[in-house]
Amino acid sequence: MAEKAQNDSQLTAEAAAPRPVLVVDFGAQYAQLIARRVREAHIYSEVIPHTATAAEIEAKNPVALVLSGGPASVYAEDAPSLDPAVFELGLPMFGICYGFQTMARALGGEVSQTGNREYGRTDVTVTGGALHAGLPEAHPVWMSHGDAVTAAPAGFEVTATSAGAPVAAFECAERRMAGVQYHPEVLHSPHGQQVLSRFLTEVAGLEPSWTAANIAEQLIESVREQIGEGRAICGLSGGVDSAVAAALVQRAIGDRLTCVFVDHGLLRAGEREQVETDFASAIGAPLITLDDSEVFLGHLADVTDPETKRKIIGREFIRSFERAVAQALELQGQGTGSGAGSAGAAAGADADSAAGADSASAGSSASAGSVDFLVQGTLYPDVVESGGGAGTATIKSHHNVGGLPDDVEFTLVEPLRLLFKDEVRAVGRELGLPESIVGRHPFPGPGLGIRIVGAVDRERLDTLRAADAIVREEMTAAGLDNSVWQCPVVLLADVRSVGVQGDGRTYGHPIVLRPVSSEDAMTADWTRVPYETLALISNRITNEVPDVNRVVLDITSKPPGTIEWE
């Protein structure tokens, strides 16, 4: 049932999207980043695996292809390859690094193991073409290759060279194809975005129409079509994603949407009060608040595995939403009919026995006494990390994607499913949401439950909540809210270390600070917080938070680490 709900939501999201530029993933570290860069050029993009057949690619009705880099050598026995028929589809095509070499070989060029490797900053010399027009004749790019293209395919012009790459770029205007040996998608290639944009607009001839206004308009119409005359509830977390999702749906169906805020006991200090005031008034939809902290903490007792935690939280969110349906119907003037969750909405109803009607199919009219649709603020990075991306390994299940129970009785509405975080913020601004909402630091739906490494209980939550409040207060006082994308505060509950406080021995827990800078959560770097601020935070936490005697700083980038510890 959960899989059907996810599939219905995915199909609706795809229907709202324009024809895509498909990024063919050859196992690149930055495939998702390439897709983001294409969208920054105001053209819609998606990622697909290199195993997709020509027929599968054609079925997606793409406007162009971008072949990503990858860790393999084109000469390796098990090297990733592309269906040769793809090159006969007549689509504009752009190759990057490994994709550039794959493209060269498939079209009759030569790729050689020259032994002249180039890694990191490298200068290229421009010799012509549209991609680099107007750029300095010699400029730096970011290289990462051992093999090199030594002869361009027939009909292609060599447009750039480097010391280790005789063919560092080529173009064929007639076939609308081009490629570069370097990585234009990374910030270390300072002119890379210009080069990628020129391929899209000048070589491929595409129109940049993927803008916040167009995105919002398309998503509202898609939601209106999916829900029809039905009714919906939205799981409002207080974060930007669920707020923007709620605003979109409210624009689409008006007073047939009710927002539900579940206090699962895993919130930060002041979170509930903020949602009940700022967020509810900004969105303009009725808000129901459920205090289900006892239920969540009961199910999380003694659970230490992070994947299990996420699945429990995802399951109990659904149970909470089912219990909220009767109240939602009452607010929407429909009484308490036999719709999803009404049988379990009475006080004291068992969390696992809430009754539910069959999910309505997309676009169908719901019965007058039911709420059949559940709105979630799922984003593209959530889908990718939960194994829903093209050929992507499951990094961790997100409570709203891989963590849903099998018996979910709602049809999911996920209008942001194909968007990155910066696109969500842009849509929120387009909808008129205040900056206090759209600029808010991200906070995970499972809350502090996945910022405690170990079992979750009230005492540990109180400890972490106090430390987190200090960190947020001092970050704001130091004027760092706009330079730090978010700063998870983590309690290592199963770790203790010896300390000295008040001339006595202590045996307390460490607190980890994880300040990061990112654009979309797909990649991140640790933020260089001033030492004075770090020292103040450490002093306050160790002096004011009982049972904590050590504060440490996580300076790991993503990859290899993730932003959250669990």
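The entries below go from the whole chain to the sheets, then to helix pairs and single residues.

**Entry 1: the whole chain**

I note at the start that this is a predicted model. I looked up the secondary structure of the protein chain and found 15 helices and 23 strands. I then checked burial: of its 566 residues, 58% count as buried. For the contacts, I took those between residues at least 6 apart in sequence, and 75% of these join residues at least 24 apart.

**Entry 2: the nine-stranded sheet**

I asked in what order the 9 strands of the open sheet run. The order is β2-β1-β3-β4-β11-β10-β9-β6-β7, with mixed pairing. At the edges I found β2 (45-49) and β7 (138-145), each of which pairs on one side only. From one strand to the next, the twist averages 25 degrees.

I then looked at one pair inside this order. β3 and β4 (residues 93-96) are parallel and share 3 bridges. In this pair, V66 stands opposite F94 of β4.

Next I looked for helices on the sheet. Helix α4 (residues 98-106) packs on it and touches β3, β4, β7, β10 (169-172) and β11 (177-180). The direction of α4 makes about 125 degrees with that of β4. Helix α5 (residues 192-203) also packs on the sheet, where it touches β1 (21-25), β3, β4 and β11. For α5, the angle to the direction of β4 is about 165 degrees.

**Entry 3: α2 against α5**

I stayed with α5 and looked up its packing with another helix. Two packed helices are described by the angle between their axes and the distance between the axes. The axes of α2 (residues 31-40) and α5 come within 9 Å and cross at roughly 70 degrees. I therefore record α2 as roughly perpendicular to α5. The crossing of α2 past α5 is right-handed.

Which residues of α2 and α5 make the contact? From α2 they are R37, V38 and E40, and from α5 they are Q193, L196 and L200. Sorted by class, the contact has 3 nonpolar, 1 polar and 2 charged residues.

I moved on to strand β20 (residues 504-513). Of its 10 residues, 7 are buried, so the strand is largely enclosed by the rest of the structure.

I went through its pairings in turn.

- β18 (residues 489-492) runs antiparallel to β20, and 3 bridges join them. L491 stands opposite I511 of β20.
- β19 (residues 497-501) is also antiparallel to β20, with 5 bridges. Here V500 is opposite R505 of β20.
- β23 is parallel to β20, again with 5 bridges. L513 stands opposite L553 of β23.

**Entry 4: α14 against α15**

I noted a right-handed crossing for α14 past α15.

On the α14 side, the contact is made by A467, I470, V471, E473 and E474. On the α15 side, I listed T533, L536, I537, R540, I541 and E544. The residues of this contact divide into 6 nonpolar, 1 polar and 4 charged.

Last, I looked up two backbone angles. N61 is not a glycine, yet has a positive phi of about 55 degrees. N61 sits in the loop between α3 (54-59) and β3 (64-67).

I found D547 in the loop between α15 (531-544) and β23 (548-553). With a relative accessible area of 35%, D547 is partly exposed.

Notes
Residues are numbered from 1 along each chain as its sequence is written. This is a predicted model: local features need pLDDT of at least 70, side-chain atom pairs count only at pLDDT 80 or more; totals for chains, interfaces and linings use all residues. Side-chain values use heavy atoms; hydrogens and water are left out. Helices (H or I, at least four residues) and strands (E, at least two) are DSSP runs, numbered from the N terminus. Buried means under 20% relative accessible area, exposed over 50%, partly exposed in between (1.4 Å probe, protein chains only). Two strands pair if DSSP finds at least two bridges between them. Axes are lines fitted to C-alpha atoms, for helices over the stretch in contact, and angles run from 0 to 180 degrees between N-to-C directions. Contact means heavy atoms within 4.5 Å. Angles under 35 degrees count as roughly parallel, over 145 as roughly antiparallel, 65 to 115 as roughly perpendicular and the rest as oblique. A crossing is left-handed if the near helix is turned anticlockwise from the far one by less than a right angle, and right-handed if clockwise. Ala, Val, Leu, Ile, Met, Phe, Trp, Tyr, Cys and Pro count as nonpolar, Asp, Glu, Lys and Arg as charged, and the others, Gly among them, as polar.
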